[in-house]
Number of protein chains: 2
Amino acid sequence: MKLYDLTLSGNCYKVRLFAALAQLDLTIVPVDFMASEHKTPQMIALNPFAEIPILEDDQVVLRDAQAILVYLGNRYGGEAWWPGEAHLQGEVMQWLSVAANEIQHGPNVARLIVKFNSPADANLAKSRSQHILGLLNSHLTSHDWLAAGRPTIADCAVFPYVALAEEGDLSLIDYPNVIAWIDRVKKLPGYIDMPGLYGQRM
Amino acid sequence: MKLYDLTLSGNCYKVRLFAALAQLDLTIVPVDFMASEHKTPQMIALNPFAEIPILEDDQVVLRDAQAILVYLGNRYGGEAWWPGEAHLQGEVMQWLSVAANEIQHGPNVARLIVKFNSPADANLAKSRSQHILGLLNSHLTSHDWLAAGRPTIADCAVFPYVALAEEGDLSLIDYPNVIAWIDRVKKLPGYIDMPGLYGQRM
């Protein structure tokens, strides 16, 4: 099973993190993003969106971190990580949408601006980030995990860019439940890190 | 089964459309968006994100159109609309992410600007819309449906804001495969309309 990967991508880390937690073997294929390797004809053939991660598993080729998590959870992760029951799938899916929308356009963009000089609107990214971090913090007042009362692919999808928020000059100090959840994720058996996560730079 | 709903919301229409296609009975509860009813304590208790649609089905309460589609597809729609097989779920999920991200921040925002005076960046919404419409058009060169070779909840999630694109002053003329797909969706048994869809204003 091959993961086309970039070490500093939070979206790729979603997949690496889940694979580590679920004890799945990934063959990492590094993609040279700075050299625009993700835009070569070979890579566009795998993913017309010209983005990574991309997963290749036998004949299956998937783009989008959330889609890859659903695939891996369903095929290899068992009921624990991607429940089969309708209302629990719905609960998990709520947070996969948050990962694709509010987190992607909030903390992810804030980090792209600070760390990679992205020309996006910094004020907008900041206000969006504070909005979703506030909602996440409230949710975590009464929940240890995002969905289904246990660690699922929802946590793997939301964790990376939240735990990388400080790289986008977003402080987590006003979101103590988010910090506690980050600590819980970090203590899961098999957990792996990536550069820049909360707690590393203190 | 109750759907907290706004007629002019494409996100609510995703659920109404799927329910019609899958022959599910929905009790529509209109929410007075102009009077900020979605921000009342009662509504915030149902959805802290202060958004609609919200689905209530016995004890299950779900926000986010994509999550509601997964729930309904899993519980009532059968294998046809939300496949159980891992790689097909992954395929569908790729487009649920597109609905939550690229479509939401593209054609949806373009329409909010033109139709509801949203203060968002019109040029950015336009370029994002053209980008995703181009990718969608390419995909539909070799596919009749977005995923799994048949109509699924992926089509229900992506269809509304694409078919409403003209309300955001986005022409679909350069995307003939998208237009053909819109026509295919409109011919599905049970299909229902909403105001402003492609084809109505010509």
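How far apart do the C-alpha centres of domain 1 of chain A and domain 2 of chain A lie? The separation of these two centres is 20 Å. The domain assignment, automatic or taken from a database, places residues 2-77 of chain A in domain 1 and residues 86-186 in domain 2. Their contact (C-beta atoms, placed from the backbone, within 7 Å) takes 10 residues from domain 1 of chain A and 11 residues from domain 2 of chain A. On the domain 1 side, helix H1 (10-21) and H3 of chain A each supply at least two residues.

The model is predicted, with local features needing pLDDT of at least 70 and side-chain atom pairs pLDDT 80 or more, while totals for chains, interfaces and linings use all residues. Residues are numbered from 1 along each chain as its sequence is written, and chains are lettered from A and ligands numbered from 1 in the order in which they are written.

Turning to the two chains, 26 residues of chain A meet 26 residues of chain B. On the chain A side, strand S4 (60-63) and helices H3 (65-77), H4 (86-116) and H5 (122-139) each give at least two residues; helices (H or I, at least four residues) and strands (E, at least two) are DSSP runs, numbered from the N terminus. The largest share, 11 residues, belongs to H4(A).

In chain B, B:Val61 sits in strand S4 (residues 60-63). B:Val61 is partly exposed because it has 17 C-beta neighbours inside 10 Å, between the limits for buried (20 or more) and exposed (12 or fewer). Leaving aside residues up to four places away in sequence, B:Val61 touches B:Leu46, B:Ile54 and B:Glu56.
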